[in-house]
Amino acid sequence: MLAGEVMSSPAITLRRDDSMRRAIRTLYDHGITAAPVLGEHGELVGMVSEIDLLCGAFAPGASPPRTVGDVMSRQVSTVEDTTDARVLTDLVIAKRIKSVPVLRDERVVGMVSRRDLMALLARSDDELREAVLAALRERYPSETSWEVTVRDGEIDVLGPEGQGPGHVADLLARTVPGLRPARLIR
């Protein structure tokens with residue numbers, strides 16, 4: 001599964017000259033925790049999060065920040081829409097970030113949040129079973145004799161003769177997030 005298949009699109013974005021108030025309302029109204037910040041030509045120039053806005057709104061002093069550009073983070077972790085969801089998940093976990101802009105040709109095309117990744121893990125057994133069958137049909141289009149059972153996220157796969165269990169398990173692990181390791185039954 002790829003980032004482009006998991007992302008929310010289109011991304012809710014802000015401009016660096018947007019007011020703090022507009023940014024706060026945008027995040028709040030859309031129920032999101034962060035938004036990419038775009039420059040004059042639509043290029044990604046930063047990211048603004050709830051914590052950036054909260055810190056800015058309650059900053060001590062006579063002249064608090066007024067625009068998104070005053071509080072945004074300029075160092076942004078991004079992924080391409082073709083990035084594997086497992087690589088994306090590793091990035092989110094390692095950097096402890098809540099959301100990641102998804103790029104295609106250096107343009108923001110979507111966002112993946114922890115919530116989006118959790119949705120993959122929260123799929124029902126029936127949804128997981130259908131995802132496994134779809135992955136098997138895509139990889140082995142001429143084989144129709146797959147039997148797939150999913151119980152509490154654990155799968156049992158009964159396949160045709162000649163399909164190596166290790167190969168099938170690797171295929172499923174790479175393409176169907178949310179599954180526990182497969183038990184392959186010849």
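What share of the contacts in the protein with a separation of 6 or more is accounted for by residues 24 or more positions apart? Such residues account for 57% of these contacts, where contact means heavy atoms within 4.5 Å. The structure is a predicted model, in which local features need pLDDT of at least 70 and side-chain atom pairs count only at pLDDT 80 or more, whereas totals for chains, interfaces and linings use all residues. Residues are numbered from 1 along each chain as its sequence is written, and side-chain values use heavy atoms, with hydrogens and water left out.

The protein has eight helices and nine strands; these are DSSP runs numbered from the N terminus, helices being H or I with at least four residues and strands E with at least two. Of its 186 residues, 39% count as buried. Buried denotes under 20% relative accessible area, exposed over 50%, and partly exposed the range in between, for a 1.4 Å probe and protein chains only.

An open sheet is formed by three strands in the order E1-E2-E3, with mixed pairing. Strand E1 (14-15) and E3 are at the edges and have a single partner strand each, so one side of each lacks a neighbour in the sheet. Two strands pair if DSSP finds at least two bridges between them. Strand E2 (residues 34-38) and E3 run antiparallel and are joined by five bridges; Val37, for instance, has Gly46 in E3 as its bridge partner. The two strands form a hairpin with five residues between them, and Gly42 in the turn has a positive phi of about 80 degrees. Strand E3 (residues 44-49) is largely enclosed by the rest of the structure, because five of its six residues are buried.

In helix H3 (residues 50-57), the residues Asp52, Leu53 and Gly56 are buried. They lie on the same side of H3, because they cover an arc of only 95 degrees around the axis, the arc being that of the directions from the helix axis to the C-beta atoms. The buried residues of H3 pack against helix H2 (20-30), E3 and helix H4 (68-71). Exposed residues Ile51 and Cys55 are carried on the face of H3 turned away from its buried side.

Asp81 is located in the loop between strand E4 (79-80) and H5. Its relative accessibility is 13%, so Asp81 counts as buried. Apart from neighbours within four places in sequence, Asp81 is in contact with Leu2, Ala3, Gly4, Val102, Leu103 and Arg104. Ile93 lies in helix H5 (residues 85-95) and counts as exposed, because its relative accessibility is 54%. The C-alpha atoms of Ile93 and Arg114 are separated by 9.2 Å, with the two residues 21 apart along the chain.

One aromatic pair is present in the structure. The ring centres of Tyr140 and Trp146 are 5.4 Å apart and the planes are at 40 degrees, so the pair is tilted. Rings of Phe, Tyr and Trp (its six-membered ring) pair if their centres lie within 6.5 Å; planes under 30 degrees apart count as stacked, over 60 as edge-to-face and the rest as tilted. Tyr140 is buried at 8% relative accessibility, and Trp146 is buried with a relative accessible area of 11%.
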